[in-house]
Amino acid sequence: MDNYEDFKKDVYSLTKIDLNAYKEKQMKRRIDSLISKRSVSNYKDYVKLLKDDKDAFEEFVGFLTINVSEFYRNPEQWDLFVGEFVPELISKFGKRLKIWSAACSTGDEPYSLVMALSKYIDLSQIKIIATDIDKQILAQAKVGLYSEKSIANVPEEYKKKYFTKVGPSYQIDEKIKKCVEFRQHNLLRDQYFDDCDLIVCRNVLIYFTDEAKFEVYGKFAKSLKKNGILFIGNTEQIIDYAKLGYKRRYSFYYEKDK
């Protein structure tokens with residue numbers, strides 16, 4: 001393979017995805033594997049393919065973004081969310097909460113949020129902004145069709161109420177879909193939302209460098225209202241969280257403190 005540094009610049013100009021923010025060894029290995037499947041021998045020719053072939057371009061963006069997702073991932077953390085944090089957020093900020101599901105992948109997470117909130121708030125009052133860098137995956141999220149494995153952790157009452165079996169798959173109800181607004185967004189480049197009561201970003205930043213993580217968590221802190229909550233993933237932690245203006249409530253929940 002030829003110069004990976006030049007390739008990163010070409011990718012940024014094409015996609016606005018900054019490969020410098022990802023762990024290089026891991027990402028380069030994944031990209032090299034994809035290139036070899038396309039029977040291309042070097043980065044320069046692969047960039048040409050990306051410019052000329054829409055399918056190859058969409059495949060590349062989808063391959064770069066990490067789209068492993070499921071409903072109610074780590075159920076014990078969702079139990080805590082429903083039992084403690086939803087009532088707390090309502091008591092602090094009212095029922096019309098401003099919620100951002102960042103790097104939402106196939107929509108499992110924002111739809112899980114809607115169902116969790118529905119225990120306390122009418123669906124007509126729930127609005128979640130859900131963002132991801134990958135247009136293909138956002139289109140998939142809007143369709144709302146999921147495998148049996150993906151919805152395995154959904155509480156039975158919600159499975160019966162909000163999912164319809166379609167062949168081997170499950171279609172989520174339109175009433176849930178209407179509560180979520182999907183938008184394309186790059187965490188490393190685009191402007192963040194203001195005055196959020198809750199931000200959920202789980203199991204994505206583990207793929208970022210320490211510097212990129214610190215930058216993103218800092219921006220999340222600025223996006224939250226005072227006493228707003230950041231809900232992160234099972235394998236993640238925020239180093240120097242106090243320096244960024246958080247206090248840690250539990251392993252995966254941080255409150256904006258300043």
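Author: Happy to! A salt bridge here is a side-chain nitrogen of Lys or Arg within 4 Å of a carboxyl oxygen of Asp or Glu. This is a predicted model, where local features need pLDDT of at least 70 and side-chain atom pairs count only at pLDDT 80 or more, while totals for chains, interfaces and linings use all residues. Residues are numbered from 1 along each chain as its sequence is written, and side-chain values use heavy atoms, leaving out hydrogens and water.

The whole structure has 22 salt bridges. Let us begin with Glu255 and Lys92, whose closest N and O atoms are 3.6 Å apart. Glu255 sits in strand 10 (residues 253-256) and Lys92 in helix 5, 163 residues apart; helices (H or I, at least four residues) and strands (E, at least two) are DSSP runs, numbered from the N terminus. Glu255 is buried, at 5% relative accessible area, whereas Lys92 is partly exposed at 33% (buried means under 20%, exposed over 50%, partly exposed in between, with a 1.4 Å probe and protein chains only).

Another salt bridge joins Glu84 and Arg249 at 3.2 Å, N to O. Glu84 belongs to helix 5 (residues 75-93) and Arg249 to strand 9, 165 residues apart. Glu84 is partly exposed, at 25%, and Arg249 is partly exposed too, at 24%.

Elsewhere, Arg202 and Glu109 meet at 3.5 Å, N to O. Arg202 lies in the loop between strand 7 and helix 10 and Glu109 in helix 6, so this pair ties together parts 93 residues apart in sequence. Both Arg202 and Glu109 are buried.

Finally, shared partners join Glu84, Glu88, Lys92, Arg249 and Glu255 into one network of salt bridges.
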